[in-house]
Amino acid sequence: MDLDSSILRKVESVAARLLKARHVVVLTGAGVSAESGIRAFRDTMEGLWKDFDPAKLATPEAFEADPETVTRWYDSRRLGCLAATPNPGHLVLAQIESFVRAQGGEFTLLTQNVDRLHQRAGSLEVVELHGSIIEWRCNQTGNIFEPPPTPFERFPPPSPFDSGAILRPDVVWFGEALPEYALITAFERTERCDMFFSVGTSSVVYPAAGFVQMAAQNCAFTVEVNKQETLASSSVDVQLQASSAAVLPEILKRL
Ligand code: BV8
């Protein structure tokens with residue numbers, strides 16, 4: 001996808017800043033994985049799930065009320081994530097991390113995504129704010145289990161750790177607290193960052209959506225990469241309205 005000259009001028013300014021940045025934080029959302037064929041969270045649902053609302057299914061109440069439907073939905077998404085491959089957006093973020101570290105800087109990737117594509121693309125310092133769909137956990141013991149890359153045979157899947165228990169995806173549902181380590185790390189790194197990117201997120205979900213505001217208040221240079229305007233667009237220094245898979249490689253080329 002060719003980027004127009006106004007976006008390329010903005011890309012030049014972002015790359016110039018990144019050359020000097022020493023504490024870089026990147027927040028990613030579902031838009032980064034969209035080009036790997038993974039439906040963004042607020043995209044309309046299709047097929048079997050077209051009559052369901054993700055925001056209602058991604059809750060402990062839904063799991064309590066109908067564990068079979070919720071675990072079927074998550075297992076189909078898990079298999080979709082395993083079948084997907086990282087796209088240029090994921091790969092470039094891993095290369096930008098290497099660049100910043102080679103300059104003696106610190107790089108932190110805060111992701112809201114649960115698909116583990118950043119790790120598969122080679123990103124090292126990844127903080128999963130909303131957990132991972134690739135791992136599941138026993139709803140009694142809390143033990144973690146990574147299922148094989150095949151569909152569960154029974155729903156809800158029985159726990160291998162406790163005969164009366166079942167497995168749930170190791171994600172953070174609405175109304176659940178983020179993992180303590182993830183939250184503390186996200187606050188600490190955002191507090192001291194000198195450059196913050198918000199990539200492929202609608203900036204609707206908190207506390208993740210609050211980090212870009214926090215970075216801006218701490219005078220970090222803030223950049224948004226999104227196909228559309230979002231709730232964060234008015235608070236960033238540079239808004240790159242384009243796809244992450246198209247614009248991130250243009251930034252890397254200029255480092
Ligand atoms: C909590 C995992 C407290 C599951 C998800 C204020 C403070 C704190 C909490 C709240 C608050 N106000 C409201 C709340 C409650 C709630 C919340 O934020 N609600 C929203 C709806 C208002 N927050 C919570 O419940 C959080 N918990 O705060 O707990 C607490 C404390 C102590 C004790 C108990 C409780 C937990 C939130 C986590 C929920 N789990 N995911 C799963 O995946 O199934 S969130 C869900 O939305 C997604 O998974 C994703 O992680 C998140 C954000 O979505 P996006 O990633 O932005 O995706 P979306 O589809 O919306 O947008 C995609 C974007 O990409 C679009 O802008 C599009 O234009 C763009 N795009 C598309 N293609 C591209 C692109 N951009 C670039 N390139 C492309 N190619």
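How many bridges join β4 to strand β5, and which way do the two run? There are 2 bridges, and the strands (residues 144-145 for β5) are antiparallel.

## About the model

Welcome to a predicted model, where local features need pLDDT of at least 70, side-chain atom pairs count only at pLDDT 80 or more, and totals for chains, interfaces and linings use all residues. Residues are numbered from 1 along each chain as its sequence is written, and side-chain values use heavy atoms, with hydrogens and water left out.

Helices (H or I, at least four residues) and strands (E, at least two) are DSSP runs, numbered from the N terminus, and two strands pair if DSSP finds at least two bridges between them. G131 is partnered with V171 of β6. R137 has R168 as its bridge partner in β6 and I144 as its partner in β5.

β4 and β5 make a hairpin with 5 residues between them, and G142 in the turn has a positive phi of about 80 degrees. Both β4 and β6 are mostly covered: 7 of the 8 residues of β4 are buried, as are 5 of 5 in β6 (residues 167-171). Buried here means under 20% relative accessible area, with a 1.4 Å probe and protein chains only.

## The ligand and its shell

Now for the ligand, which 34 residues surround; the closest are E35, R42, Y74, V172 and S202. A residue counts as near if one of its heavy atoms lies within 4 Å. By class, the shell has 17 nonpolar, 12 polar and 5 charged residues; Gly is among the polar ones in this scheme. Helix α2 (30-34) and helix α5 (67-83) each supply at least two shell residues, and the largest share, 3 residues, comes from α2.

An oxygen atom of the ligand lies 2.8 Å from a backbone N or O atom of A30, and a ligand nitrogen atom is 2.7 Å from a polar backbone atom of V172. From N226, a polar side-chain atom lies 2.7 Å from a ligand oxygen atom. Taken alone the ligand exposes 1500 Å², of which the protein buries 74%, by the Shrake-Rupley method with a 1.4 Å probe.

## A buried loop residue

Finally, visit Q112, in the loop between β2 (106-111) and α7 (117-120). Q112 counts as buried because its relative accessibility is 12%. Its side chain makes a polar contact of 2.8 Å with that of T201; such a contact is a pair of N or O atoms within 3.5 Å, and within protein one must be able to donate a hydrogen and the other to accept it, while residues adjacent in sequence count only if both atoms are side-chain atoms.

How values were computed: Buried < 20%, exposed > 50% of the residue type's maximum accessible area, 1.4 Å probe, protein only.
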